[in-house]
Amino acid sequence: MSNSSDDRQLKKGLKSRHMSMIAIGGSIGTGIFLASGAAIQEAGPGGALVAYMAIGMMVYFLMTSLGEMAAYMPVSGSFSTYASRFVDPALGFAMGWNYWYNWAITIAVELSAGALIMKYWFPDVPGVIWSAIFLALMLGLNLLSVKGYGESEYWFSFIKVSTVIIFLVIGFLMILGIMGGEPIGFKNFTIGDAPFHGGWMATVGVFMIAGFSFQGTELVGIAAGESENPGKNIPKAVRQIFWRILLFYTLTILVIGLILPYTHPNLAGGDVDQVAKSPFTMVFERAGFAFAASVMNAVILTAVLSAGNSGMYASTRMLWQLAREGKAPKVFSKVNRRGVPVYALLLTALVGAFAFLASLVGDGTIYIWLLNASGLSGFLAWLGIAISHYRFRRAFAAQGKSLDVLPYRARLFPFGPLFAFFLCLVVILGQDYQAFTGEAFDWYRLVVSYIGLPIFICLWLGFKWKKKTKMVPLESCQLEPDQE
(Lines give C-alpha, C1' and ligand atoms only; values in the text may rest on other atoms or scores of the structure.)
Protein backbone atom coordinates (compact mmCIF):
# COMPACT_ATOMS: atom_id res chain seq x y z
CA MET A 1 0.00 0.00 0.00
CA SER A 2 1.90 3.03 -1.19
CA ASN A 3 1.32 6.61 -0.15
CA SER A 4 1.13 8.14 -3.60
CA SER A 5 -1.66 10.58 -4.36
CA ASP A 6 -3.17 8.04 -6.76
CA ASP A 7 -3.59 5.64 -3.86
CA ARG A 8 -5.77 8.19 -2.10
CA GLN A 9 -8.39 8.20 -4.84
CA LEU A 10 -11.40 5.97 -5.26
CA LYS A 11 -12.05 4.33 -8.63
CA LYS A 12 -14.94 5.57 -10.75
CA GLY A 13 -16.38 2.14 -11.46
CA LEU A 14 -20.15 2.59 -11.08
CA LYS A 15 -22.04 2.57 -14.36
CA SER A 16 -25.44 4.10 -15.12
CA ARG A 17 -27.29 0.80 -14.47
CA HIS A 18 -25.55 0.47 -11.09
CA MET A 19 -26.58 4.00 -10.07
CA SER A 20 -30.18 3.43 -11.15
CA MET A 21 -30.48 0.19 -9.18
CA ILE A 22 -28.76 1.72 -6.12
CA ALA A 23 -31.37 4.49 -6.24
CA ILE A 24 -34.19 1.93 -6.39
CA GLY A 25 -32.82 -0.80 -4.16
CA GLY A 26 -31.64 1.55 -1.43
CA SER A 27 -35.16 1.97 -0.11
CA ILE A 28 -36.65 -1.47 -0.82
CA GLY A 29 -36.09 -3.66 2.20
CA THR A 30 -37.75 -5.20 5.23
CA GLY A 31 -39.66 -1.93 5.67
CA ILE A 32 -41.82 -2.65 2.65
CA PHE A 33 -41.84 -6.47 2.91
CA LEU A 34 -42.62 -6.68 6.63
CA ALA A 35 -43.36 -3.34 8.36
CA SER A 36 -45.97 -2.18 5.81
CA GLY A 37 -48.51 -4.53 7.40
CA ALA A 38 -48.02 -2.99 10.85
CA ALA A 39 -48.50 0.49 9.34
CA ILE A 40 -51.87 -0.51 7.87
CA GLN A 41 -53.00 -2.13 11.12
CA GLU A 42 -52.03 0.96 13.14
CA ALA A 43 -53.59 3.68 10.96
CA GLY A 44 -55.91 1.79 8.61
CA PRO A 45 -55.40 1.54 4.84
CA GLY A 46 -56.18 5.22 4.25
CA GLY A 47 -53.99 6.49 7.08
CA ALA A 48 -51.05 4.33 5.97
CA LEU A 49 -51.50 5.50 2.38
CA VAL A 50 -51.50 9.19 3.41
CA ALA A 51 -48.41 8.68 5.62
CA TYR A 52 -46.44 6.88 2.90
CA MET A 53 -47.44 9.46 0.27
CA ALA A 54 -46.40 12.37 2.51
CA ILE A 55 -43.04 10.79 3.40
CA GLY A 56 -42.62 9.76 -0.26
CA MET A 57 -43.08 13.38 -1.35
CA MET A 58 -40.56 14.51 1.26
CA VAL A 59 -38.02 11.91 0.07
CA TYR A 60 -38.58 12.95 -3.54
CA PHE A 61 -37.71 16.56 -2.73
CA LEU A 62 -34.73 15.46 -0.63
CA MET A 63 -33.38 13.34 -3.47
CA THR A 64 -33.80 16.15 -6.03
CA SER A 65 -31.91 18.43 -3.61
CA LEU A 66 -29.17 15.85 -3.12
CA GLY A 67 -29.14 15.07 -6.85
CA GLU A 68 -28.55 18.71 -7.76
CA MET A 69 -25.54 18.98 -5.44
CA ALA A 70 -24.16 15.49 -6.22
CA ALA A 71 -24.34 15.94 -10.01
CA TYR A 72 -22.49 19.27 -9.72
CA MET A 73 -20.07 18.26 -6.96
CA PRO A 74 -19.75 14.43 -6.72
CA VAL A 75 -17.89 13.45 -3.53
CA SER A 76 -18.13 10.27 -1.46
CA GLY A 77 -18.70 12.32 1.69
CA SER A 78 -21.83 13.64 0.02
CA PHE A 79 -24.09 15.52 2.45
CA SER A 80 -21.40 15.61 5.17
CA THR A 81 -19.10 17.49 2.78
CA TYR A 82 -21.93 19.74 1.56
CA ALA A 83 -22.87 20.66 5.15
CA SER A 84 -19.22 21.54 5.87
CA ARG A 85 -18.93 23.75 2.78
CA PHE A 86 -22.32 25.43 2.71
CA VAL A 87 -23.37 25.57 6.39
CA ASP A 88 -20.74 24.91 9.08
CA PRO A 89 -17.79 22.44 9.25
CA ALA A 90 -19.09 21.38 12.69
CA LEU A 91 -22.42 20.31 11.18
CA GLY A 92 -20.57 18.35 8.50
CA PHE A 93 -18.46 16.63 11.18
CA ALA A 94 -21.54 15.63 13.20
CA MET A 95 -23.44 14.44 10.11
CA GLY A 96 -20.50 12.37 8.86
CA TRP A 97 -19.80 10.53 12.12
CA ASN A 98 -23.51 10.16 12.82
CA TYR A 99 -24.08 8.56 9.41
CA TRP A 100 -21.02 6.30 9.66
CA TYR A 101 -22.12 5.02 13.06
CA ASN A 102 -25.70 4.50 11.90
CA TRP A 103 -24.74 2.23 9.01
CA ALA A 104 -22.02 0.39 10.98
CA ILE A 105 -24.64 -0.55 13.60
CA THR A 106 -27.09 -1.45 10.82
CA ILE A 107 -24.64 -4.17 9.72
CA ALA A 108 -25.15 -5.85 13.11
CA VAL A 109 -28.93 -5.62 12.71
CA GLU A 110 -28.76 -7.32 9.31
CA LEU A 111 -26.41 -10.05 10.61
CA SER A 112 -28.95 -10.88 13.33
CA ALA A 113 -31.83 -10.74 10.86
CA GLY A 114 -30.03 -13.00 8.36
CA ALA A 115 -29.44 -15.64 11.03
CA LEU A 116 -33.14 -15.60 12.01
CA ILE A 117 -34.19 -16.00 8.38
CA MET A 118 -31.90 -19.01 7.86
CA LYS A 119 -33.56 -20.79 10.82
CA TYR A 120 -36.61 -21.17 8.54
CA TRP A 121 -34.65 -23.69 6.45
CA PHE A 122 -31.95 -24.82 8.92
CA PRO A 123 -33.47 -24.69 12.43
CA ASP A 124 -30.67 -26.73 14.03
CA VAL A 125 -27.69 -24.70 12.78
CA PRO A 126 -26.51 -22.07 15.31
CA GLY A 127 -27.39 -18.56 14.12
CA VAL A 128 -23.92 -17.20 14.85
CA ILE A 129 -22.51 -19.40 12.05
CA TRP A 130 -24.83 -17.81 9.49
CA SER A 131 -24.01 -14.35 10.79
CA ALA A 132 -20.27 -15.04 10.40
CA ILE A 133 -20.84 -16.28 6.82
CA PHE A 134 -22.89 -13.19 5.93
CA LEU A 135 -20.30 -10.84 7.46
CA ALA A 136 -17.56 -12.56 5.41
CA LEU A 137 -19.71 -12.26 2.28
CA MET A 138 -20.37 -8.52 2.77
CA LEU A 139 -16.72 -7.88 3.57
CA GLY A 140 -15.59 -9.88 0.53
CA LEU A 141 -17.92 -8.03 -1.88
CA ASN A 142 -16.70 -4.68 -0.59
CA LEU A 143 -13.02 -5.72 -0.67
CA LEU A 144 -13.15 -6.67 -4.37
CA SER A 145 -13.67 -3.17 -5.79
CA VAL A 146 -16.45 -0.65 -6.12
CA LYS A 147 -17.66 -2.79 -9.04
CA GLY A 148 -18.06 -5.69 -6.59
CA TYR A 149 -20.45 -3.60 -4.53
CA GLY A 150 -22.18 -2.13 -7.59
CA GLU A 151 -22.70 -5.47 -9.32
CA SER A 152 -23.93 -7.30 -6.19
CA GLU A 153 -26.30 -4.44 -5.34
CA TYR A 154 -27.57 -4.44 -8.92
CA TRP A 155 -28.67 -8.09 -8.66
CA PHE A 156 -29.93 -7.80 -5.08
CA SER A 157 -32.07 -4.86 -6.20
CA PHE A 158 -33.20 -6.68 -9.34
CA ILE A 159 -34.64 -9.51 -7.21
CA LYS A 160 -36.41 -7.06 -4.87
CA VAL A 161 -37.83 -4.95 -7.70
CA SER A 162 -39.05 -8.04 -9.58
CA THR A 163 -40.81 -9.30 -6.45
CA VAL A 164 -42.63 -6.00 -5.92
CA ILE A 165 -43.73 -5.81 -9.58
CA ILE A 166 -45.02 -9.42 -9.54
CA PHE A 167 -46.81 -8.68 -6.25
CA LEU A 168 -48.52 -5.60 -7.71
CA VAL A 169 -49.65 -7.41 -10.86
CA ILE A 170 -51.06 -10.39 -8.90
CA GLY A 171 -52.59 -8.02 -6.34
CA PHE A 172 -54.53 -6.00 -8.90
CA LEU A 173 -55.69 -9.20 -10.65
CA MET A 174 -57.06 -10.38 -7.29
CA ILE A 175 -58.75 -7.03 -6.60
CA LEU A 176 -60.48 -7.17 -9.98
CA GLY A 177 -61.52 -10.81 -9.47
CA ILE A 178 -59.45 -12.12 -12.39
CA MET A 179 -57.37 -14.26 -10.01
CA GLY A 180 -58.20 -15.93 -6.72
CA GLY A 181 -62.01 -15.73 -6.62
CA GLU A 182 -64.53 -12.90 -6.52
CA PRO A 183 -63.61 -9.22 -7.02
CA ILE A 184 -62.42 -7.63 -3.76
CA GLY A 185 -62.94 -4.01 -4.72
CA PHE A 186 -62.88 -1.42 -1.90
CA LYS A 187 -64.76 -3.37 0.76
CA ASN A 188 -61.74 -3.46 3.13
CA PHE A 189 -61.67 0.35 3.04
CA THR A 190 -65.14 0.45 4.60
CA ILE A 191 -64.93 -2.02 7.51
CA GLY A 192 -64.81 -0.70 11.09
CA ASP A 193 -63.46 2.85 11.23
CA ALA A 194 -61.44 2.37 8.03
CA PRO A 195 -59.92 3.88 6.05
CA PHE A 196 -58.52 6.12 8.83
CA HIS A 197 -58.29 3.87 11.87
CA GLY A 198 -57.12 5.67 15.01
CA GLY A 199 -57.54 9.16 13.61
CA TRP A 200 -54.94 11.77 12.75
CA MET A 201 -52.45 10.87 15.51
CA ALA A 202 -52.30 7.26 14.31
CA THR A 203 -51.45 8.50 10.82
CA VAL A 204 -48.69 10.72 12.23
CA GLY A 205 -47.40 7.70 14.18
CA VAL A 206 -47.02 5.78 10.90
CA PHE A 207 -44.78 8.60 9.57
CA MET A 208 -41.92 6.99 11.50
CA ILE A 209 -42.55 3.53 10.01
CA ALA A 210 -42.76 5.06 6.53
CA GLY A 211 -39.64 7.15 7.12
CA PHE A 212 -37.56 4.13 8.17
CA SER A 213 -38.84 2.25 5.12
CA PHE A 214 -37.50 4.95 2.79
CA GLN A 215 -34.07 5.25 4.42
CA GLY A 216 -31.30 4.25 2.06
CA THR A 217 -32.44 6.35 -0.90
CA GLU A 218 -29.65 8.81 -0.08
CA LEU A 219 -27.06 6.13 -0.96
CA VAL A 220 -27.08 7.48 -4.51
CA GLY A 221 -25.38 10.62 -3.14
CA ILE A 222 -22.63 8.58 -1.44
CA ALA A 223 -22.07 6.57 -4.64
CA ALA A 224 -21.81 9.75 -6.76
CA GLY A 225 -18.07 10.04 -6.02
CA GLU A 226 -17.46 6.69 -7.75
CA SER A 227 -19.85 7.13 -10.67
CA GLU A 228 -18.27 7.01 -14.13
CA ASN A 229 -20.30 9.99 -15.30
CA PRO A 230 -22.02 11.71 -12.33
CA GLY A 231 -23.23 14.68 -14.39
CA LYS A 232 -25.30 12.27 -16.49
CA ASN A 233 -25.92 9.27 -14.21
CA ILE A 234 -27.05 11.13 -11.07
CA PRO A 235 -29.81 13.16 -12.79
CA LYS A 236 -31.01 10.01 -14.56
CA ALA A 237 -31.28 8.10 -11.28
CA VAL A 238 -32.95 11.01 -9.46
CA ARG A 239 -35.52 11.62 -12.21
CA GLN A 240 -36.75 8.05 -11.83
CA ILE A 241 -37.10 8.27 -8.03
CA PHE A 242 -40.56 9.87 -8.11
CA TRP A 243 -42.04 7.04 -10.20
CA ARG A 244 -40.31 4.43 -8.07
CA ILE A 245 -41.73 5.91 -4.89
CA LEU A 246 -45.19 6.02 -6.47
CA LEU A 247 -44.97 2.49 -7.85
CA PHE A 248 -43.18 0.61 -5.11
CA TYR A 249 -44.61 2.20 -1.98
CA THR A 250 -47.91 3.92 -2.71
CA LEU A 251 -49.25 1.11 -4.89
CA THR A 252 -47.94 -1.59 -2.53
CA ILE A 253 -49.73 -0.02 0.47
CA LEU A 254 -52.87 0.40 -1.67
CA VAL A 255 -52.86 -3.26 -2.79
CA ILE A 256 -52.24 -4.62 0.73
CA GLY A 257 -54.95 -2.33 2.16
CA LEU A 258 -57.46 -3.45 -0.47
CA ILE A 259 -56.80 -7.19 -0.14
CA LEU A 260 -56.16 -7.58 3.61
CA PRO A 261 -58.46 -5.94 6.22
CA TYR A 262 -56.58 -3.76 8.70
CA THR A 263 -58.09 -5.92 11.47
CA HIS A 264 -56.21 -9.01 10.24
CA PRO A 265 -54.25 -10.25 13.31
CA ASN A 266 -51.17 -11.29 11.32
CA LEU A 267 -50.54 -7.77 9.98
CA ALA A 268 -48.89 -6.89 13.28
CA GLY A 269 -46.07 -9.36 12.57
CA GLY A 270 -43.10 -7.30 11.48
CA ASP A 271 -40.08 -9.37 12.44
CA VAL A 272 -37.85 -11.34 10.09
CA ASP A 273 -38.63 -14.60 11.88
CA GLN A 274 -42.33 -14.11 11.10
CA VAL A 275 -42.14 -14.36 7.32
CA ALA A 276 -45.51 -16.16 7.27
CA LYS A 277 -46.99 -12.90 8.58
CA SER A 278 -45.49 -10.75 5.83
CA PRO A 279 -48.35 -9.09 3.92
CA PHE A 280 -46.59 -10.22 0.72
CA THR A 281 -46.69 -13.86 1.88
CA MET A 282 -50.36 -13.60 2.87
CA VAL A 283 -51.38 -12.10 -0.48
CA PHE A 284 -49.41 -14.68 -2.48
CA GLU A 285 -50.96 -17.50 -0.44
CA ARG A 286 -54.46 -16.13 -1.03
CA ALA A 287 -53.65 -16.13 -4.75
CA GLY A 288 -52.91 -19.86 -4.50
CA PHE A 289 -49.10 -19.98 -4.40
CA ALA A 290 -48.19 -22.91 -2.15
CA PHE A 291 -44.52 -21.98 -1.75
CA ALA A 292 -45.17 -18.29 -1.00
CA ALA A 293 -43.57 -18.35 2.47
CA SER A 294 -40.39 -20.04 1.26
CA VAL A 295 -40.03 -17.70 -1.74
CA MET A 296 -40.66 -14.57 0.37
CA ASN A 297 -38.14 -15.84 2.92
CA ALA A 298 -35.52 -15.92 0.15
CA VAL A 299 -36.53 -12.44 -1.05
CA ILE A 300 -36.38 -11.00 2.48
CA LEU A 301 -32.94 -12.60 2.92
CA THR A 302 -31.90 -10.79 -0.27
CA ALA A 303 -33.20 -7.51 1.18
CA VAL A 304 -31.28 -8.09 4.42
CA LEU A 305 -28.00 -8.90 2.62
CA SER A 306 -28.52 -5.88 0.36
CA ALA A 307 -29.00 -3.58 3.37
CA GLY A 308 -25.88 -4.95 5.08
CA ASN A 309 -23.85 -4.71 1.87
CA SER A 310 -24.98 -1.12 1.28
CA GLY A 311 -24.39 -0.24 4.93
CA MET A 312 -20.80 -1.43 4.76
CA TYR A 313 -20.21 0.49 1.52
CA ALA A 314 -21.81 3.75 2.68
CA SER A 315 -20.15 3.87 6.10
CA THR A 316 -16.74 3.00 4.64
CA ARG A 317 -16.92 5.84 2.09
CA MET A 318 -18.15 8.31 4.70
CA LEU A 319 -15.27 7.45 7.05
CA TRP A 320 -12.78 7.71 4.13
CA GLN A 321 -14.04 11.20 3.27
CA LEU A 322 -13.98 12.31 6.92
CA ALA A 323 -10.32 11.21 7.08
CA ARG A 324 -9.50 13.16 3.90
CA GLU A 325 -11.05 16.28 5.41
CA GLY A 326 -9.08 15.89 8.66
CA LYS A 327 -12.15 14.91 10.68
CA ALA A 328 -11.01 11.31 11.27
CA PRO A 329 -7.55 9.68 11.71
CA LYS A 330 -5.53 10.00 8.50
CA VAL A 331 -4.95 6.23 8.21
CA PHE A 332 -8.56 5.81 7.09
CA SER A 333 -7.91 7.91 3.97
CA LYS A 334 -5.62 5.24 2.50
CA VAL A 335 -6.93 3.08 -0.34
CA ASN A 336 -5.46 0.00 -2.02
CA ARG A 337 -4.65 -0.39 -5.72
CA ARG A 338 -8.26 -1.44 -6.44
CA GLY A 339 -9.50 1.87 -5.03
CA VAL A 340 -10.94 0.35 -1.82
CA PRO A 341 -10.46 2.23 1.52
CA VAL A 342 -9.34 -0.95 3.29
CA TYR A 343 -8.69 0.46 6.77
CA ALA A 344 -12.02 2.32 6.81
CA LEU A 345 -13.72 -0.89 5.63
CA LEU A 346 -12.08 -3.06 8.30
CA LEU A 347 -12.98 -0.66 11.13
CA THR A 348 -16.58 -0.54 9.92
CA ALA A 349 -16.77 -4.35 9.77
CA LEU A 350 -15.24 -4.60 13.26
CA VAL A 351 -17.78 -2.18 14.74
CA GLY A 352 -20.60 -4.12 13.07
CA ALA A 353 -19.20 -7.42 14.40
CA PHE A 354 -18.75 -5.96 17.91
CA ALA A 355 -22.34 -4.71 17.97
CA PHE A 356 -23.54 -8.13 16.81
CA LEU A 357 -21.56 -9.90 19.54
CA ALA A 358 -22.98 -7.42 22.08
CA SER A 359 -26.46 -8.63 21.09
CA LEU A 360 -25.48 -12.16 22.20
CA VAL A 361 -24.14 -11.12 25.63
CA GLY A 362 -26.56 -11.33 28.54
CA ASP A 363 -29.92 -9.79 27.71
CA GLY A 364 -28.46 -7.71 24.86
CA THR A 365 -28.85 -4.40 26.77
CA ILE A 366 -25.63 -2.91 25.30
CA TYR A 367 -26.77 -3.78 21.80
CA ILE A 368 -30.21 -2.24 22.35
CA TRP A 369 -28.63 1.04 23.47
CA LEU A 370 -26.23 1.00 20.51
CA LEU A 371 -29.21 0.48 18.23
CA ASN A 372 -31.27 3.22 19.88
CA ALA A 373 -28.38 5.66 19.47
CA SER A 374 -28.62 5.21 15.70
CA GLY A 375 -32.42 5.46 15.54
CA LEU A 376 -32.68 9.08 14.38
CA SER A 377 -29.50 9.09 12.26
CA GLY A 378 -31.20 8.74 8.89
CA PHE A 379 -33.65 11.56 9.61
CA LEU A 380 -30.82 13.82 10.85
CA ALA A 381 -28.97 13.14 7.58
CA TRP A 382 -32.09 14.09 5.60
CA LEU A 383 -32.50 17.26 7.67
CA GLY A 384 -28.88 18.16 6.86
CA ILE A 385 -29.47 17.58 3.12
CA ALA A 386 -32.42 20.01 3.13
CA ILE A 387 -30.44 22.70 4.99
CA SER A 388 -27.35 22.22 2.78
CA HIS A 389 -29.31 22.52 -0.47
CA TYR A 390 -31.09 25.67 0.68
CA ARG A 391 -27.73 27.25 1.56
CA PHE A 392 -26.13 25.92 -1.66
CA ARG A 393 -28.67 27.75 -3.82
CA ARG A 394 -28.46 30.93 -1.75
CA ALA A 395 -24.65 30.86 -2.05
CA PHE A 396 -25.00 30.42 -5.82
CA ALA A 397 -27.10 33.58 -5.96
CA ALA A 398 -24.85 35.50 -3.55
CA GLN A 399 -21.77 34.73 -5.67
CA GLY A 400 -23.53 35.69 -8.91
CA LYS A 401 -23.27 32.23 -10.47
CA SER A 402 -25.66 31.09 -13.18
CA LEU A 403 -27.87 28.07 -12.51
CA ASP A 404 -27.21 27.07 -16.12
CA VAL A 405 -23.93 25.44 -15.03
CA LEU A 406 -25.82 22.86 -12.94
CA PRO A 407 -26.05 19.44 -14.69
CA TYR A 408 -29.36 18.88 -12.88
CA ARG A 409 -31.67 21.42 -11.28
CA ALA A 410 -34.10 20.54 -8.47
CA ARG A 411 -37.67 21.59 -9.13
CA LEU A 412 -39.80 23.87 -6.97
CA PHE A 413 -36.94 25.51 -5.08
CA PRO A 414 -37.18 26.77 -2.32
CA PHE A 415 -40.42 24.87 -1.54
CA GLY A 416 -38.74 21.45 -1.88
CA PRO A 417 -36.02 21.75 0.79
CA LEU A 418 -38.25 23.82 3.10
CA PHE A 419 -41.05 21.22 2.94
CA ALA A 420 -38.55 18.39 3.52
CA PHE A 421 -36.96 20.29 6.43
CA PHE A 422 -40.33 20.88 8.12
CA LEU A 423 -41.57 17.31 7.73
CA CYS A 424 -38.23 15.84 8.84
CA LEU A 425 -38.35 18.02 11.96
CA VAL A 426 -41.89 16.84 12.72
CA VAL A 427 -40.83 13.19 12.39
CA ILE A 428 -37.70 13.66 14.54
CA LEU A 429 -39.54 15.46 17.34
CA GLY A 430 -42.51 13.08 17.11
CA GLN A 431 -40.29 9.98 17.19
CA ASP A 432 -42.13 8.74 20.27
CA TYR A 433 -44.80 11.28 21.18
CA GLN A 434 -46.53 8.64 23.35
CA ALA A 435 -43.78 9.15 25.95
CA PHE A 436 -45.24 12.62 26.57
CA THR A 437 -48.95 11.74 26.33
CA GLY A 438 -49.16 8.84 28.79
CA GLU A 439 -50.67 9.13 32.25
CA ALA A 440 -47.19 9.19 33.78
CA PHE A 441 -44.21 10.86 32.12
CA ASP A 442 -41.93 8.02 30.97
CA TRP A 443 -38.32 9.17 31.32
CA TYR A 444 -36.79 5.83 30.33
CA ARG A 445 -38.86 5.62 27.16
CA LEU A 446 -37.98 9.25 26.37
CA VAL A 447 -34.23 8.61 26.71
CA VAL A 448 -34.40 5.37 24.70
CA SER A 449 -36.26 7.06 21.83
CA TYR A 450 -34.31 10.30 21.64
CA ILE A 451 -30.75 9.33 22.72
CA GLY A 452 -29.51 9.86 19.14
CA LEU A 453 -30.41 13.56 19.25
CA PRO A 454 -28.17 14.64 22.18
CA ILE A 455 -25.32 12.50 20.78
CA PHE A 456 -25.59 14.38 17.46
CA ILE A 457 -25.74 17.76 19.22
CA CYS A 458 -22.68 16.87 21.35
CA LEU A 459 -20.70 15.92 18.22
CA TRP A 460 -21.73 19.18 16.56
CA LEU A 461 -21.07 21.52 19.51
CA GLY A 462 -17.92 19.62 20.59
CA PHE A 463 -16.27 20.07 17.19
CA LYS A 464 -17.50 23.67 17.04
CA TRP A 465 -15.96 24.45 20.44
CA LYS A 466 -12.66 22.70 19.68
CA LYS A 467 -12.15 24.12 16.18
CA LYS A 468 -13.93 27.46 16.81
CA THR A 469 -15.93 27.03 13.61
CA LYS A 470 -18.59 29.48 12.45
CA MET A 471 -21.35 29.40 9.87
CA VAL A 472 -19.77 29.83 6.43
CA PRO A 473 -20.76 33.19 4.88
CA LEU A 474 -22.68 32.72 1.61
CA GLU A 475 -20.03 34.70 -0.27
CA SER A 476 -17.30 32.32 1.02
CA CYS A 477 -18.99 28.96 0.33
CA GLN A 478 -16.76 26.73 -1.81
CA LEU A 479 -18.86 26.18 -4.92
CA GLU A 480 -16.17 24.93 -7.29
CA PRO A 481 -16.28 21.14 -7.84
CA ASP A 482 -13.21 19.20 -6.67
CA GLN A 483 -10.62 18.55 -9.35
CA GLU A 484 -9.36 14.98 -9.15
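A residue counts as buried under 20% relative accessible area and exposed over 50%, with partly exposed in between, using a 1.4 Å probe and protein chains only. Keep that in mind for what follows. This is a predicted model, where local features need pLDDT of at least 70 and side-chain atom pairs count only at pLDDT 80 or more, while totals for chains, interfaces and linings use all residues. Residues are numbered from 1 along each chain as its sequence is written, and side-chain values use heavy atoms, leaving out hydrogens and water.

Lys-468 sits in the segment after H18. Its phi is positive, about 55 degrees, although it is not a glycine. Lys-468 counts as exposed because its relative accessibility is 60%.

Leu-412 is not a glycine either, yet its phi is positive at about 60 degrees, and its 54% relative accessibility is why it counts as exposed. That loop, between helix H14 (377–398) and helix H15 (415–429), also holds Pro-414. The peptide bond joining Phe-413 and Pro-414 is cis, with omega about 5 degrees.

Now for a buried loop residue. Ser-333 is in the loop between helix H11 (292–324) and helix H12 (342–360), and it counts as buried because its relative accessibility is 1%. A polar atom of the Ser-333 side chain lies 2.7 Å from the backbone oxygen of Lys-330.

Helix H10 (residues 279–286) is mostly covered, with 6 of its 8 residues buried. Those are Pro-279, Phe-280, Thr-281, Met-282, Val-283 and Phe-284. They pack against helix H2 (30–72), helix H6 (146–175), H9 and H11, contact meaning heavy atoms within 4.5 Å. After H10 comes Gly-288, with a positive phi near 100 degrees.

H9 brings us to another partner, H1. Helix H1 (residues 16–25) and helix H9 (residues 230–259) pack at about 35 degrees with axes 9 Å apart; axes are lines fitted to C-alpha atoms, for helices over the stretch in contact, and angles run from 0 to 180 degrees between N-to-C directions. On the H1 side, the contact uses Ser-16, Met-19, Ser-20, Ala-23 and Ile-24. Their counterparts in H9 include Asn-233, Ala-237, Arg-244 and Phe-248. As for spacing, an α-helix has 3.6 residues a turn, so residues three or four places apart point the same way.

Technical notes:
Helix = DSSP H or I, 4+ residues; strand = E, 2+ residues; numbered from the N terminus. Polar contact = N/O pair within 3.5 Å; in protein donor to acceptor, adjacent residues only side chain to side chain.
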